[in-house]
Amino acid sequence: MPRSTLAADAAVLAVAVVWGASYPVTKGALAFAPVLVLIFYRFVATACVMALAARRELASAGRGDILRGAVLGAILAAIFIFEIAGLALTSATNAALIISLCTLFTPFLEHGLSRRLPLGSVVGGAVVACLGVALLVGGLTAWTPGDGLIFLAALLRAVMVVSTKRLMSGRRFSSVALTAVQAATVAAVALLALALTQGVGALAVRAGAGFWGSIAFLSLFCTVAAFYVQNAAVRRTSPTRVGFLMGTEPLFGFALAHILLREPVTGPASIGAVLIVAGTFAGLLGDRRVG
């Protein structure tokens, strides 16, 4: 396997660890601010950092690249609205685990758009991973409205990965500039939605250093670094590989929710975690054979 592919895989796996930590951190931040306010501050900070880094490229960028970035940013905004709204209504553990269903959606979406069937081992790996999620959550009958919103976010994540590959493959628009446009779009969507529903006065948050520390972590590590890595990696490897590697995120979220929030760990949940890892790497091996 080329070194560039291995490096991309390692970087995406590191993103999965950071995103796993984002669930307990976001859960804590929601105690001080509503969903749209949290999204706005997270992404306006991200947009400022990335726009500064890519200011020359953005100034000379073509309208087509900006439009592509805005479309991906709109998808990203929907993902975070569903995901964080769902997290406000369910546990950090459930949120981190249900989101991994994107590992099932990604290969079917990618191969379906190409009018071909995914390899059996890819399908089998996705099914095993999803069975693991079912065990971790406690079965479909135990789902809450919050779990349903996380499910929709998982579906949109798969759309995001495949759309990024199709819209940006071969383009000269860098991952830094793309992330800047995406973040600015998410912040604009959040601000517009906030103005229409609660008023911009809701941006005045009374919170201490802990809340703003959470915003800094979510912006710099979970967004600036993570989306730059994902945007770069998906250009060097396949959407299915990225989807399966990101599927390890719930395992890290599961562990960190227990460590940071003291959410309980049960026997079925532990078995489910093992199935997620097994299914993820079965899918990766299958995709490697196709690649």
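The side chains of Glu83 and Arg157 meet in a salt bridge, with an N to O distance of 3.5 Å. The model is a predicted one, and the count of salt bridges in it comes to one.

**The salt bridge**

- Glu83 belongs to helix 4 (residues 63-89) and Arg157 to helix 8 (residues 145-168), so the pair ties together parts that lie 74 residues apart in sequence.
- Glu83 has a relative accessibility of 8% and therefore counts as buried, the cut-off for that class being under 20% relative accessible area.
- Arg157, with a relative accessible area of 11%, is buried as well.
- Side chains of opposite charge can pair when their charged atoms come close.

**The packing of helix 2 with helix 9**

- Helix 2 (residues 35-53) packs with helix 9 (residues 175-197) at an angle of about 150°, and their axes are 7 Å apart.
- Because angles over 145 degrees count as roughly antiparallel, helix 2 and helix 9 are described as roughly antiparallel to each other.
- The crossing in which helix 2 passes helix 9 is left-handed.
- On the side of helix 2 the residues that make the contact include Leu36, Ile39, Phe40, Phe43 and Met50, while on the side of helix 9 they include Val176, Ala183, Val186, Leu191 and Leu194.
- Sorted by class, the contact of helix 2 with helix 9 holds 20 nonpolar residues and three polar ones, with no charged residues.

Definitions and conventions
Residues are numbered from 1 along each chain as its sequence is written. This is a predicted model: local features need pLDDT of at least 70, side-chain atom pairs count only at pLDDT 80 or more; totals for chains, interfaces and linings use all residues. Side-chain values use heavy atoms; hydrogens and water are left out. Axes are lines fitted to C-alpha atoms, for helices over the stretch in contact, and angles run from 0 to 180 degrees between N-to-C directions. Helices (H or I, at least four residues) and strands (E, at least two) are DSSP runs, numbered from the N terminus. Angles under 35 degrees count as roughly parallel, over 145 as roughly antiparallel, 65 to 115 as roughly perpendicular and the rest as oblique. A crossing is left-handed if the near helix is turned anticlockwise from the far one by less than a right angle, and right-handed if clockwise. Contact means heavy atoms within 4.5 Å. Ala, Val, Leu, Ile, Met, Phe, Trp, Tyr, Cys and Pro count as nonpolar, Asp, Glu, Lys and Arg as charged, and the others, Gly among them, as polar. A salt bridge is a side-chain nitrogen of Lys or Arg within 4 Å of a carboxyl oxygen of Asp or Glu. Buried means under 20% relative accessible area, exposed over 50%, partly exposed in between (1.4 Å probe, protein chains only).
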